[in-house]
Amino acid sequence: MSTSPSVETIQHRAISVVMASQVFSGAGLAAGVTVGGLLAADMLHTTSLAGLPSALFTFGSAGTALAVGRLSQRLGRRAGLTAGYAAAAIGGAGVVLAAAIDTIPLLLVSLLVYGAGTATNLQARYAGTDLAGPGRRGRAVSSVLVATTLGAVAGPNLVGPTGRFAESLGIPALAGPFLLAAVAYAVAGLILFVLLRPDPLLVARARIAEVAPPGPRSATGVMAGAATMVLTQLVMVAVMTMTPVHMQAHGHGLEATGLVIAVHIAAMYLPSPITGFLVDRFGRTPVAVASGITLLAAGVVSATAPSDSVALLTLALALLGLGWNLGLVAGTAMIADAASPRVQGNVDLLIALSGAGGGITSGFVMAATSYATLSIAGGVLALAVIPFVAVSGRALIGKP
């Protein structure tokens, strides 16, 4: 009698391990997002380039998305995700060194490499779907995403303490969160390297080979999922990147900024179980449409919030995170239904490039106009999800 673990056991173990790694990777991701723009503005002596870090680590994320997707296709999720987090840890350490010795070229290169963490963090969500049935893929994605919440919320709130720790070492305070990020990403990679066995993707592939040949792929599902995630990523990154700069310009300290970003990132991940249930119960397309409407609401609130109102800015960024969450879970389920890991990596490349465009453009838009204009423009752009997905994803409505 075979003593091999069942598919359900392997799926449960894989999700548990990936969730554990996401707690640390969430902290690594959030720490850099919170102060990246501020560090760049400080070292480059201009706020017009405050969106550059976001653009750089998003461009780095783009290249990593391809690499992780292709490495996962060849060797499994464990190899792809471990390599991605290792690169992110090196990038975070490079940012700390660049800030310590005040070297712009090293800063720019390190931010690019640090972006590997963003792509790997996103790619990890597919590890939850490898062995999940079509009717449970939304919830499988959400399980992985929600684990990011603990680290993602803790990261921004550690900006003050890590900044003080960095100063005690003779390093600029704004480099402190990147020190945390380097350690967190290294731990996330170590967890996956040691514990993600057997590899869920390799098990799923072997299972398909035993039962039946792979079914046909859906180009419609790929297009609908990609459009949803690309648009929501672009809008979210643009507004999120400029919010700390906007707050600092109006006298808010790092603690207040950290609180707003912490709530934003919590809203990006914490609603995932509910979103996953909605995606599996009512279909991918209705949830994708809801993401566009929610992002518009976020843009309106952030544009009309008084500059001294931390409460309204917090609400705006919470809506921004929720809109992103709705789009990501719905879009990921569409892609998981329809595509291989290589295609998943290609789609994440488009997501990363859209985020890079949003990040680098946001600084120029805000410098030329205002934070309010940037917010409203982002909200209106998010509505493009509705007609595109309504046409491309028509066949997906109500389907699991």
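Helices, as the word is used here, are DSSP runs of H or I with at least four residues, strands are runs of E with at least two, and both are numbered from the N terminus. The model is a predicted one, in which local features need pLDDT of at least 70 and side-chain atom pairs count only at pLDDT 80 or more, while totals for chains, interfaces and linings use all residues. Residues are numbered from 1 along each chain as its sequence is written, and side-chain values use heavy atoms, with hydrogens and water left out.

With that in place, consider the second largest pocket, whose lining takes at least two residues from each of helix H10 (219-249), helix H15 (341-368) and helix H16 (371-382). A pocket is an open set of points on a 1 Å grid over the protein atoms alone, with protein on both sides within 12 Å along at least five of seven lines; a cavity is a set of points where a 1.4 Å probe fits but cannot get out, and lining residues have an atom within 4 Å of a point. The volume of this second largest pocket is about 160 Å³, where volume is the space filled by probe spheres set on the points, and points are joined across faces, edges and corners. Its lining comprises 13 residues, and those closest to the centre are Leu 234, Ala 238, Leu 374, Gly 378 and Leu 381. H15 contributes the most, with 5 residues. The lining has 8 nonpolar, 5 polar and no charged residues, if Ala, Val, Leu, Ile, Met, Phe, Trp, Tyr, Cys and Pro are taken as nonpolar, Asp, Glu, Lys and Arg as charged, and the others, Gly among them, as polar.

Of the 16 residues that line the largest cavity, Leu 29, Thr 118, Gln 233, Met 236 and Met 268 lie nearest its centre. Two or more lining residues come from each of helix H1 (7-44), helix H2 (52-75), helix H5 (116-127), H10 and H11, and H10 gives the most, with 4 residues. By class, this lining has 11 nonpolar, 5 polar and no charged residues.

Thr 232 belongs to helix H10 and is buried, at 1% relative accessible area; buried means under 20%, exposed over 50%, and partly exposed in between, with a 1.4 Å probe and protein chains only. The side chain of Thr 232 reaches the backbone oxygen of Met 229 at 3.2 Å. Beyond neighbours within four places in sequence, Thr 232 is in contact (heavy atoms within 4.5 Å) with Ser 291, Leu 295, Gly 323, Trp 324, Gly 327 and Val 385.

In helix H12 (residues 272-282), the buried residues are Ser 272, Thr 275, Gly 276, Val 279 and Asp 280. These residues lie on the same side of H12 because they cover an arc of only 130 degrees around the axis, the arc being that of the directions from the helix axis to the C-beta atoms. Ile 274 and Arg 281, on the other side of H12, are exposed. The buried residues of H12 pack against helix H6 (137-157), helix H11 (254-269), helix H13 (284-304) and helix H14 (310-338).

Helix H6 also holds Thr 149, which is buried at 8% relative accessibility. Not counting residues up to four places away in sequence, Thr 149 touches Ala 266, Tyr 269 and Leu 270.

Terms used: Polar contact = N/O pair within 3.5 Å; in protein donor to acceptor, adjacent residues only side chain to side chain.
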